[in-house]
Every structure is written in structure tokens, then in C-alpha cells.
Amino acid sequence: MLGEIAKRSAEEDVDQAASSWDGMLDDLGAGVDVTRFLRHYLLGYVPKVKKDSVFDQFKELVRDRGAESVLADLRTAAAAYGEFEAPSKAGHEPTAAVLKDLATLRAVTCYIALLPARRYLAEKDFVEFARLAEVLTYRYSSVVGRGTNEIEPVYHRAAKLLHDSQGTRLAEARETLIAAMPDAEQFRVAFQRLEMGRQYLIRYTLQRIEQALHPALEKMVDVSTLVHIEHVMPQTLNKDWSASLGSFADQHQEYVNRWGNLTLLFAGLNIPASNKAFDQKKRYYGDSQVTITQELCQYGTWGPEQIDARQRWLADVAESIWRVHPVPHDQLPALRYEHKTSLDDFREGVGALWSAIEPYATDTTAQEIRSLATRLPGHLAGHADHSSLAGKIADGLTELLQGWEDYSHSDRRLVRAVAEYFLEPEDSVPDELPGGLDDDRAVLVAAFAALDRQLPSYLQS
């Protein structure tokens with residue numbers, strides 16, 4: 001770019017351009033990836049920019065708009081980008097706060113749209129737009145785990161709308177981001193699978209949930225190195241924990257890093273709590289200033305079922321917070337200390353049939369479930385009166401079994417029990433008798449309800 005100016009300008013103009021370039025680098029700040037900044041700037045105007053073609057595409061931009069114009073525009077963009085990278089540079093407190101949250105999420109892709117937003121929007125509108133980008137980043141990338149290549153075109157379209165209209169098409173730019181949001185079911189399913197992973201993401205999530213649930217406390221959770229991520233069920237089992245978990249001890253590695261097993265705890269409490277038994281740990285949790293940690297004291301025991309239940313609750317709360325329109329704090333889902341699981345809800349749903357179903361509600365493996373799935377279509381397939389209903393029940397069960405990988409420990413026991421009950425011809429009402437599948441259908445309907453799954457239309461009558 002400086003070369004283009006040198007070809008056509010006096011020496012003093014070249015010096016001025018070089019000074020502007022140096023000023024742009026100063027505005028960006030030390031350590032900022034200049035190539036990434038230039039690429040994000042270009043993506044505000046063109047839909048696709050490969051990393052190795054950034055400078056070639058800038059040459060085209062310079063030919064179209066002139067080097068001096070492009071350099072002046074870059075200088076303005078660099079000042080905004082420097083704020084994104086170092087939020088303390090922003091003079092407006094709400095702006096600095098949202099930029100800090102985006103930096104915590106490592107949400108750099110959204111800078112494509114934030115550059116024109118910072119240029120054309122008033123502070124209030126910018127903050128609201130940046131918060132929307134934060135929600136999209138959290139739902140789309142942090143939780144659901146979709147790739148950067150898929151979201152860049154979304155931010156390009158939003159940026160182009162803002163550039164072309166100088167900010168007047170803000171509503172359309174917002175709708176562009178909203179349309180890319182994963183829906184509630186996608187978000188909850190993905191959240192319920194989350195494990196330890198990136199500590200900054202866990203800290204950010206638990207901090208925001210704490211603040212949303214208890215805003216009246218008027219305190220911030222200090223997420224510095226003095227606040228540790230605490231494993232309620234410890235990373236290493238001792239004799240006390242192995243004894244309290246019983247048969248669940250074999251599932252320790254599967255559950256220890258699940259988000260439902262994690263909380264925030266001051267280092268002075270976390271270190272002595274360490275591997276102590278759950279009843280002893282609760283004494284330290286009770287001294288915590290973090291309310292979601294204090295609430296762990298309400299549990300009588302701790303193991304896979306409680307971890308599953310708490311992670312489902314965290315997923316419900318998170319889905320209510322990271323929305324276009326967050327749910328008010330007094331309407332957020334409450335944690336149920338009675339530790340009800342999907343299996344508990346199912347037990348209530350089937351009523352008197354539970355005694356016949358319970359023997360099948362045992363731990364199982366993916367291989368056993370695949371074996372059950374292959375047997376379902378053949379059950380009563382040739383029966384003169386029952387083949388149609390049997391086929392519908394088999395289809396419903398197959399649909400439930402397809403969610404196996406995303407199910408909790410309790411969910412898996414439930415689904416196995418329903419499938420085994422259906423395949424048992426001599427259950428509460430022998431399947432060969434008139435009305436012999438009515439109980440099987442009722443059990444399946446209760447399973448869909450307990451798993452919070454929509455009942456297929458073919459089972460609704």
C-alpha cells in the first residue's frame with residue numbers, strides 16, 4: 001500500500017502515509033495479529049478472504065478506492081480493533097464490559113461485524129449488538145461447537161449491511177445474527193455433553209450463571225487464579241469416595257469432568273477440601289461466597305445421578321440466559337434438591353406398572369442397546385391384530401434409542417427398561433391378548449414425557 005502511494009506521491013506524502021501506518025499499528029496495540037485484523041477488515045466488504053491472499057486482495061481494494069482512502073479507513077478501523085483486543089481502552093464502561101466478555105470467550109470472528117458497528121452505531125446500540133454477538137458466539141461456537149468457516153459468512157453479511165447503510169440497517173444486521181442461533185434443543189443437548197475442556201469457558205459460564213441467579217447480591221465472582229474450578233466428585237477417588245459411590249465408582253472417569261460436577265471455590269477452601277468425603281466438603285461449600293457452590297450443601301449424596309441432574313439444570317439456566325431476550329432472574333429454572341432424575345419422573349409416570357419394569361432398569365452398554373434395537377421391528381410383526389401397533393411402538397423406541405450417545409446415566413437405564421419391557425411377551429398384560437400392547441404404549445408415552453421428548457404423532461392416538 002505504501003508502495004502504491006510512493007509511485008504517485010511526493011516524498012512528504014509518503015512520509016505521511018508511513019506515519020499513518022505506524023499510527024495504525026500503535027492503535028492496534030502490541031501483540032495484535034495484523035494479518036488477522038486486515039483479513040477481518042476485508043471480510044466486512046467481501047464474502048471470502050483466504051489468509052494467504054490478504055495482501056493480494058488489499059491491492060485490489062487500493063486500486064478501486066485509492067491508497068490514501070484505504071489507509072485512512074484502516075486507521076479508523078484499527079482504533080476500534082485495538083479496543084476489541086484491549087477492552088480497557090474503551091472509554092464507555094458498558095462497551096468495555098461487553099468487549100471484555102467477548103475477549104474472555106476468544107470471540108474474534110465476530111470482530112468482522114463489530115468493526116462497522118463500532119464505526120456507525122451509537123454506544124447503546126453498539127453494546128446491544130455486541131451482546132448479541134456474544135450470545136451467538138456462546139451458543140454457536142462455545143457450546144454447540146460449530147466451526148469458524150460456517151459463521152464467517154454470517155458476520156460478513158451483517159457487516160455488509162452496516163457498511164452499505166452506514167448503520168441504518170441495524171435491525172437487518174441483528175436478524176442476520178439471530179437467524180444463525182442454534183435452537184433451544186440443540187443448545188441443551190450439546191450443553192449436557194460438556195466436559196472440563198477450556199477452563200476460561202467454565203469460569204465464564206459459572207460466573208454468569210451465578211450473577212443471573214443472584215443479582216441482588218451485588219457481587220462479582222472473582223475469576224482470578226485465586227478462585228479454583230472445584231471438582232465435587234474428586235479427580236482421584238479415595239476409599240471414602242469409592243465406598244459412597246458403590247457400583248457407580250466404575251463410572252468415575254465418565255463423570256468427573258462433566259460440568260455438573262464442577263463449581264467455583266476460593267483457593268483457600270478448595271485446597272483443604274480436596275479429596276475429602278462429600279459430607280466433609282459441604283462444610284467448605286457452606287463458607288463459600290458463591291451461591292451456586294453453597295447450594296451443593298443441600299444435596300444428601302453425590303454421584304452420577306446428581307451430576308446428571310445438576311448439568312441438566314445448568315443447561316436449562318444457560319439456555320434461559322444466553323438468549324436474544326434473557327429470562328428475568330426470578331423466572332429462571334430452580335434447582336431441584338430432591339435430585340429427581342428422568343428415571344424418577346418415569347417411575348411416577350408409569351405408576352403401578354413400575355414393579356414389572358424395574359428389573360429391566362439396569363446399567364447397559366452401547367452394544368447391548370444396538371442388539372435391542374435390531375430385535376424391536378420383529379416383535380409381533382406377524383400378529384393379525386397387533387402388528388400395526390407393535391410397529392408404531394417399535395418405531396417410537398427406535399427413535400428414543402437413536403439419542404443414546406447424548407443420554408445421561410439415568411436416561412440410559414430408562415430407555416433400556418422400556419425396550420426390554422416391550423420385548424417381553426409375558427409382561428403385565430401378555431402381548432398376545434386383546435389390548436395386550438396398551439400397557440407397552442403407555443410405558444413408551446411415559447418415557448417420552450420423562451425424557452422431555454415430543455411424542456410422535458403416530459403414537460398420539
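These legends accompany close-up views of a predicted model. Residues are numbered from 1 along each chain as its sequence is written, and side-chain values use heavy atoms, with hydrogens and water left out. Local features need pLDDT of at least 70 and side-chain atom pairs pLDDT 80 or more, while totals for chains, interfaces and linings use all residues.

**View 1. Helices α4 and α5 pack at an angle of about 115°.** Here α4 spans residues 54–65 and α5 residues 67–85, with axes 7 Å apart. Helices are DSSP runs (H or I, at least four residues), numbered from the N terminus. Axes are lines fitted to C-alpha atoms over the stretch in contact, and angles run from 0 to 180 degrees between N-to-C directions. Contact (heavy atoms within 4.5 Å) brings Phe58, Leu61, Val62 and Arg65 of α4 to Ala67, Ser69, Val70, Asp73 and Leu74 of α5.

**View 2. Glutamine 166 has a positive phi, near 50°.** Look for glutamine 166 in the loop between α9 (148–165) and α10 (170–179). Most residues other than glycine have a negative phi. Glutamine 166 counts as exposed because its relative accessibility is 56%, the cut-off being over 50% relative accessible area (1.4 Å probe, protein chains only).

**View 3. Aspartate 452 also has a positive phi, about 60°, although it is not a glycine.** Aspartate 452 sits in the segment after α24 (438–450). With 70% relative accessibility, aspartate 452 counts as exposed.

Technical notes. Helix = DSSP H or I, 4+ residues; strand = E, 2+ residues; numbered from the N terminus. Buried < 20%, exposed > 50% of the residue type's maximum accessible area, 1.4 Å probe, protein only.
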